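Here are a few notes to read alongside the model.

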Amino acid sequence: STKDYVVFLHNDIVVAPGFLENIEKHLHPQNVVSYTTIEPPIFSGHERPGKIIEDYGTDLGSFCYKDFPHFAAIQRLKHQNKTEPGITFFMALSRKVLLDMGGFDNIFNPYFSEDDDLIKRLKLQGLNCFTSLDAICYHFVSKTSRFTEEAKLNTQRIEQNSNRNFLRKWGSMNSNNKFNIGFIVKN
């Protein structure tokens with residue numbers, strides 16, 4: 001990336017018209033802006049800011065190209081210029097902020113928990129973290145990395161290792177920990 005801001009997108013996302021413009025209006029070096037994802041009901045119980053459950057297909061072959069833009073336009077108008085607190089890995093932020101904090105922590109390579117770790121570090125930096133409700137995309141929900149037979153065992157092992165690394169690094173799997181004690185050690 002060579003521009004001032006970066007947007008994280010999965011490879012299983014289709015963006016709606018106005019997507020970048022509705023993120024861009026909120027971008028500032030001190031802001032981390034997530035965006036709204038419309039998803040099929042695969043992980044409907046997993047709540048997060050800006051998530052809408054509506055089935056427009058589970059892959060590019062079944063995607064409703066005709067109907068999705070209309071639904072997205074209705075949502076965009078309904079939530080025009082509205083935000084809500086909280087961020088997810090679906091985000092945009094200052095490239096400089098990302099580089100200054102060292103980007104992703106490689107202990108989570110190849111994947112899983114790197115997003116929770118990054119979000120925790122962004123919040124610890126005191127950045128304004130919120131979700132734009134009128135920047136909209138459709139997310140197919142990572143079916144290839146989680147659900148194919150050839151990926152299930154390997155994915156489970158990687159996820160367990162990532163969770164262990166997160167627990168070792170932060171002391172808890174809850175990314176919202178707040179501590180009211182601390183100490184200073186000299187010499």
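**Notes on the fold and its aromatic cluster**

1. The chain has six helices and seven strands. Keep in mind that this is a predicted model.

2. The C-alpha trace spans about 65 × 40 × 35 Å along its principal axes, and 42% of the 187 residues count as buried.

3. Helix α2 (68-78) deserves a look. Its buried residues are Phe68, Phe71, Ala72 and Gln75. Viewed down the helix axis, these residues fall within an arc of 100°, so they line one face of α2. They pack against β2 (13-15), β3 (31-39), β4 and β7 (128-139). The face turned away from this buried side carries the exposed residues His70 and Leu77.

4. Now to the aromatics, where the structure holds 15 pairs. In one of them, the ring centres of Tyr56 and Phe71 are 5.5 Å apart and the planes are at 40°, so this pair is tilted. The pair links distant parts of the chain, 15 residues apart: Tyr56 sits in the loop between β4 (51-53) and α2, Phe71 in helix α2. Both Tyr56 and Phe71 are buried.

5. Which residues do the ring pairs link into a cluster? They are Tyr56, Phe63, Tyr65, Phe68, Phe71, Tyr138 and Phe140.

Conventions
Residues are numbered from 1 along each chain as its sequence is written. This is a predicted model: local features need pLDDT of at least 70, side-chain atom pairs count only at pLDDT 80 or more; totals for chains, interfaces and linings use all residues. Side-chain values use heavy atoms; hydrogens and water are left out. Rings of Phe, Tyr and Trp (its six-membered ring) pair if their centres lie within 6.5 Å; planes under 30 degrees apart count as stacked, over 60 as edge-to-face and the rest as tilted. Helices (H or I, at least four residues) and strands (E, at least two) are DSSP runs, numbered from the N terminus. Buried means under 20% relative accessible area, exposed over 50%, partly exposed in between (1.4 Å probe, protein chains only). The arc is that of the directions from the helix axis to the C-beta atoms. Contact means heavy atoms within 4.5 Å.
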